[in-house]
Amino acid sequence: MKALGPCTSTYNWFWEQNFTDTTKTLICAVRWTDTKAVTKIRVKWKRSNPLGTVTAEQKHYPAPAPLSDEDLDKAHRLYGANIATWAEETVGTTVGDGECWTLIHRALLDLADTYRQYGKEPPLVSQGRSHGYPILSLTAPTLGSNSGLLQLADVRRGDIVELKSAHFQFVKEEKPEKVKGEWGKWQKGAGEKNIRLSHHTAVIKGVDRDAIIVVEQNGSVQGGVGVERYDLCGAMKSGHVEVYRVVGEGWEGALVANWEGDD
């Protein structure tokens, strides 16, 4: 549940030096993980007088085009089952440093290598706490207000969920016990279970009405991989939920630190 990997951007850069006039050029390309928009920055200066000659320029590029329902369905058929199966096979183990984000990041890295080996488009690897194409965003409900949203958003096995500042409260009924000193009288016990997650990432293995069943690391099993059920309607008392559909890396396009001819 530690906030690993919450970068606000990914980047690439290119360095060039012109030896005829000793001009140096640095080009950086930055993709912002929340919007997927790209910013490019070019800085030039002369080696003999950096402070007196430095100049800087920026270019801004919009986010990639939205995906259609058909595109999202195709992405799920290509990646969803493999992501969920990869995660399920790690239950009872510890992946990497044992943090929640690492489970998803390792899964996507490993699967990306496999897809490349077979000549297929690899899945887009996690960038910060963004794991593909956002398909659902919701906050803790008033009673019943989020009912049915998982189905409306078409949340499926293999999607990735991000939980932020989330509080889930479960009431678990226990086996009835005989009341001491009172013949023939039994009472039913109940226990309350609270789960609080500041930042948490998990793989959805299934959907059950208004609940998601997830494979998670460092959640129900501290420092290891386990399975948990989160009711987003009845048990969720506070917090925010984001669900992502893993898509091919071609949706964003390559992040290239160039300048001329990239308009």
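I will start with length. At 1.5 Å a residue, the 18 residues of α3 should span 26 Å, and the C-alpha atoms at its ends are 27 Å apart, which agrees. Keep in mind that this is a predicted model.

Some context for the whole chain. The protein chain has four helices and 12 strands. Of its 263 residues, 43% count as buried. Among contacts in the chain with a separation of 6 or more, 63% are between residues 24 or more positions apart.

Now the packing. Two packed helices are described by the angle between their axes and the distance between the axes. Here helix α2, residues 69-88, packs with helix α3, residues 100-117, at an angle of about 125 degrees, and their axes are 10 Å apart. That makes α2 oblique to α3. The crossing of α2 past α3 is right-handed.

Which residues in α2 and α3 meet? From α2 come Leu-78, Tyr-79, Asn-82, Ile-83 and Trp-86. From α3 come Leu-103, Arg-106, Ala-107, Leu-108, Asp-110, Leu-111 and Tyr-115. By class, this contact of α2 with α3 has nine nonpolar, one polar and two charged residues.

Next, burial. The buried residues in α3 include Leu-103, Ala-107, Leu-108, Leu-111 and Tyr-115, and these five also meet α2. Cys-100, Trp-101, Thr-102, Ile-104 and Ala-112 in α3 are buried too. On spacing, an α-helix has 3.6 residues a turn, so residues three or four places apart point the same way.

Last, what follows α3? Gly-119 does, and its phi is positive, near 70 degrees.

Terms used. Residues numbered from 1 in each chain as written. Predicted model: local features only at pLDDT ≥ 70, side-chain atom pairs only at ≥ 80, totals over all residues. Heavy atoms only, no water. Axes fitted to C-alpha atoms, helices over the stretch in contact; angles between N-to-C directions. Helix = DSSP H or I, 4+ residues; strand = E, 2+ residues; numbered from the N terminus. Parallel < 35°, antiparallel > 145°, perpendicular 65-115°, else oblique. Left-handed = near helix turned anticlockwise from the far one by under 90°. Contact = heavy atoms within 4.5 Å. Nonpolar A, V, L, I, M, F, W, Y, C, P; charged D, E, K, R; others polar. Expected span 1.5 Å × (residues − 1). Buried < 20%, exposed > 50% of the residue type's maximum accessible area, 1.4 Å probe, protein only.
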